[in-house]
Amino acid sequence: MSELETKQFSCGIPGTDSGFIKLGHGSGGKMTAELIEDLFLKKLSDPTLEEMDDAAVVSAGGSSIAITTDSYVVNPVFFPGGDIGSLSVHGTVNDLAVRGARPLYLTATFILEEGLPLTDLGKIVESVNAACRKAEVRLVAGDTKVVNRGAADRLFITTTGVGILESDPPPGAARVKPGDRVIVSGNLGLHGMAVMCAREGLELETEITSDSAALNGLVSAMLEKSPNISCMRDLTRGGLASAVNEIAVTSRTGIELSEGSIPVHPQVKAACELLGLDPLYVACEGRLIAFVPESSADCLLEAMRSHPLGADACLIGRVADDHKGRVVLKSRVGGRRILDRLSGEQLPRIC
Ligand code: MG
């Protein structure tokens with residue numbers, strides 16, 4: 001790239017001043033949002049793409065379908081509670097489910113590094129198959145590519161998912177309104193810290209196991225009892241803080257969370273303190289948040305707690321009509337502070 005081209009590329013894109021991609025562009029925080037808004041959305045202009053929800057809802061042959069795609073680059077590829085194979089199914093199934101779609105079909109692309117042990121690949125493909133069966137989705141198309149040693153790290157997987165819409169209108173960030181209550185399905189940060197501890201060889205008293213799971217069964221039970229859910233999000237890259245920030249911006253509302261109500265596993269809290277991390281930004285792969293009108297909040301909580309993946313669901317906040325586009329965290333002692341987007345990268349290659 002010439003010097004002139006480098007300058008043109010970096011122009012107006014904060015965080016890309018150097019003209020090159022940095023790890024922070026993959027954080028799910030400020031740098032990711034700026035890259036998407038200032039480069040991808042400008043060059044790939046499309047009204048559905050611009051909605052920026054977890055899956056796109058489009059019409060096909062008279063039906064409404066949801067479609068989404070995601071790549072998985074987690075390091076290490078095997079971690080307590082899962083591996084890159086099960087993760088690549090759960091993440092894509094969950095992105096369809098939180099749009100109110102029943103996940104039906106997946107495709108998978110495997111990018112393999114020369115030298116990857118075939119036994120590892122076999123285990124990962126078996127794990128993909130087991131996760132698909134458990135989530136009741138079919139993997140119906142795939143692709144494999146092999147790159148030179150060093151051009152990838154063992155393997156990367158991209159999955160694309162299609163589902164049929166079962167909720168009309170679909171839950172989405174634009175439907176969130178003042179007065180809605182915010183509910184989280186369980187404790188935060190197990191996935192991110194399980195991967196981090198495995199990567200760094202951290203030995204804790206009790207091993208942290210990833211929460212990675214397909215949430216489509218939980219979401220079906222939720223929509224059956226509360227069809228008026230405004231919005232759902234699975235709490236992946238960037239954790240709870242990033243998801244609520246995205247929703248506050250899209251819905252142009254203010255979101256208030258009570259710090260004391262947000263459930264964090266004690267082992268996650270301890271590991272985060274050790275590593276200097278904030279659990280509110282740590283990824284989960286089997287947790288979601290739901291925004292629902294106040295009148296339906298109790299009914300929804302009851303439905304969630306009746307499902308094994310929502311047993312620890314709790315109310316953590318509300319949507320206000322002031323401080324639009326911002327998330328405010330109310331501390332245990334009554335203080336208030338802005339819970340901002342991540343400005344750099346906290347945990348690279350966690351999903
Ligand atoms: Mg998602």
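## A tour of the salt bridges

Start by selecting Arg233 and Asp54: their side chains meet in a salt bridge at 3.5 Å, N to O. Here a salt bridge means a Lys or Arg side-chain nitrogen within 4 Å of a carboxyl oxygen of Asp or Glu. Now colour by secondary structure: Arg233 lies in strand β9 (residues 231–234) and Asp54 in the loop between α2 (30–43) and β1 (56–60), so this pair ties together parts that are 179 residues apart in sequence. Helices (H or I, at least four residues) and strands (E, at least two) are DSSP runs, numbered from the N terminus. Buried is under 20% relative accessible area, exposed is over 50%, and partly exposed is in between (1.4 Å probe, protein chains only).

A quick note before moving on: this is a predicted model, where local features need pLDDT of at least 70, side-chain atom pairs count only at pLDDT 80 or more, and totals for chains, interfaces and linings use all residues. Residues are numbered from 1 along each chain as its sequence is written, and side-chain values use heavy atoms, with hydrogens and water left out.

Next, pick Glu256 and Arg318, a salt bridge at 2.9 Å, N to O. Glu256 sits in strand β10 (residues 254–258) and Arg318 in strand β12 (residues 314–320), 62 residues apart. Glu256 counts as buried because its relative accessibility is 7%, while Arg318, at 34%, counts as partly exposed.

Arg336 lies in strand β14 (residues 336–338), so its pairing with Glu256 in strand β10 ties together parts 80 residues apart in sequence.

Last stop: select Asp53, Asp54, Arg99, Arg233 and Glu246, which salt bridges with shared partners join into one network. The structure holds 13 salt bridges.
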